[in-house]
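Reader: I have a model open and would like to go through it piece by piece. Can you put it up so that we look at the same thing?

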Amino acid sequence: MAAIAPILIAIAAFLVRIINLGSPKGLVFDEVYYVDGARDLLKYGVEISGSDPEFIVHPPVGKWLIASGIKLFGDNEFGWRFASAVFGTLLILLFARLVHVLFYSPLLTALAAALMALDGLLLVHSRTALLDLFLTFFTLLGVLLWHRNRHIWAGIAFGLAIGCKWSAIYFVAIIGLVAVYRILIAHDIRKTLKPIAAKFAQYGLLPVFVYTLTWAGWFMSDRGWSRQSSKNPLSSWIHYHSEMLNFHTGLTATHPYQANPWSWLIMGRPTSFFYDSPKGCSAENCAQEVLALGTPLLWWVGSIAIAVVVGYWIKSLINHRIDNAANLVVLGLAAGYLPWFAMQQRTVFTFYAIIIEPFLILAIIYCAKLLLASGLKPVVSQSIVGGVLALIVVCFLYFIPLFTGQIITYEDWNLRMWFESWI
């Protein structure tokens, strides 16, 4: 019974994602890189520019997934974005499963699915051929499997996540540290070597092995970047990775939509993926935009919820009590959000925040559970939760033209620019 509501919500969300998926026409934002890479992977197994190897700074898993849509539906906008629509829908179900495992409440599970489906940032990612949605899916899958003690499967999931973007490494690192800490406090120091070695294999060697396999196209071809820099393919591959690392650490070029991580949670500077002034809105001036904006009310409520959950997490540490849900919220923030604060010189964008969205919504679910279990009369607590949900629904519907790239009047567009920093 607990699965019925999330499945129905996911079906509705998939329809929102798939309808008019081919709009806007043409490549939007960073699709220009990833769709081009997907085309090359389908044709050559590696990414090239003309007839020469092309220097690419992200691993191939996400681009292979984009390529799967192109293979199924052709080299067109629908084909480019189909995999994102599918994974954006699956992410709703995956998150609902995590919430069910944590709370065993059909109500909270349904609420979790609904909130994920109502977020504009996830919807925009689900209708655009970028990598961060695939990163988020495999990372959350790894977290769920780790929580369920399915460590081998978790290691595989994290290997695929790193194969989308390297930032998944922070999750693996923190989970590895947590695992070692738990072993040290649960065993005599003389008996910790074997379980620590097992964890190193599960969350060190296995993800690296899976990640290496995702580069099979590069190893099997002689046309990839840096492929001929050494007679030893592994040495060439490591050299290539050192060049990729240098790129990421040295990326400081300014961009009109770059946003400091301090502003991410409150959507201070959302990223505009596409903007045009077409005709066809029954007014003289029209606007069409795809704005990677999290549903404002959802993210603002989530920011407050995070503060509450962190407080309860600290309380659980003081009382030596395990609070799994709070632990996961803090884990997600520590691995998906805090590392960006150490990169103040690097060019970063608000749309990167999709990786922490499940943990932000988990914080809201946590607070909803606290409210429903409080001493308030059930009708009062349920009305508060239902009222907040209703407001989020209205907010989502109000901004959906910006999430889906609909053509609206310039006046209507301007009414949705609540802050100058959104323009």
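Reader: Start with T214: buried or exposed?
Author: T214 is buried, because its relative accessibility is 13%; buried means under 20% relative accessible area, exposed over 50%, and partly exposed in between, with a 1.4 Å probe and protein chains only. Before going on: this is a predicted model, in which local features need pLDDT of at least 70 and side-chain atom pairs count only at pLDDT 80 or more, while totals for chains, interfaces and linings use all residues. Residues are numbered from 1 along each chain as its sequence is written, and side-chain values use heavy atoms, with hydrogens and water left out.

Reader: Where is T214 found, and what is it in contact with?
Author: T214 is in the loop between α10 (193-213) and α11 (216-220). Helices (H or I, at least four residues) and strands (E, at least two) are DSSP runs, numbered from the N terminus. Apart from neighbours within four places in sequence, T214 contacts P60, V61, W64, L160 and G163, where contact means heavy atoms within 4.5 Å.

Reader: Next, α2. What span should its 14 residues have?
Author: Helix α2 (residues 31-44) should span 20 Å at 1.5 Å a residue, and its end C-alpha atoms are 19 Å apart, which agrees. The expected span is 1.5 Å times one less than the number of residues.

Reader: Which residues in α2 are buried?
Author: E31, Y34, V35, G37, A38, D40 and L41. Their cover includes β1 (48-49), α3 (61-73) and α4 (77-103). An α-helix has 3.6 residues a turn, so residues three or four places apart point the same way.

Reader: And what follows α2?
Author: G45 follows α2, with a positive phi near 85°.

Reader: How many salt bridges does a search of the whole structure find?
Author: The search finds 4 salt bridges, each being a side-chain nitrogen of Lys or Arg within 4 Å of a carboxyl oxygen of Asp or Glu. One of them joins D75 and R39, at 2.9 Å from N to O. D75 is partly exposed at 44% relative accessibility, and R39 is partly exposed at 30%.

Reader: What about K63, which residue does its side chain meet in a salt bridge?
Author: K63 meets E47, at 3.2 Å from N to O. K63 is in helix α3 and E47 in the loop between α2 and β1, 16 residues apart. K63 is buried, with a relative accessible area of 1%, and E47 is buried with 10%.

Reader: Which residue forms a salt bridge with K165?
Author: D132 does, with the closest N and O atoms 3.0 Å apart. K165 lies in the loop between α8 (151-162) and α9 (169-186) and D132 in helix α7 (residues 132-147), so the pair ties together parts 33 residues apart in sequence. Both K165 and D132 are buried.

Reader: Switching to the core. Which residues touch the most other members of the largest one?
Author: In the largest nonpolar core, which has 126 residues, these are I66, F103, W299, F351 and I365. A nonpolar core is a set of buried Ala, Val, Leu, Ile, Met, Phe, Trp, Tyr and Cys residues joined through side-chain atoms within 4.5 Å. Its largest share, 13 residues, comes from α4.

Reader: How many aromatic pairs?
Author: The count is 46 aromatic pairs. Rings of Phe, Tyr and Trp (its six-membered ring) pair if their centres lie within 6.5 Å; planes under 30 degrees apart count as stacked, over 60 as edge-to-face and the rest as tilted. W264 and Y352 are edge-to-face, because their centres are 6.1 Å apart and their planes at 85°. W264 and Y352 are buried. F273 and F351 are also edge-to-face, because their planes are at 80°, with the centres 5.5 Å apart. F273 is in strand β3 and F351 in the loop between α14 and α15, 78 residues apart.

Reader: Which residues form one aromatic cluster?
Author: F29, W262, W264, F273, Y337, W340, F341, F349, F351 and Y352.
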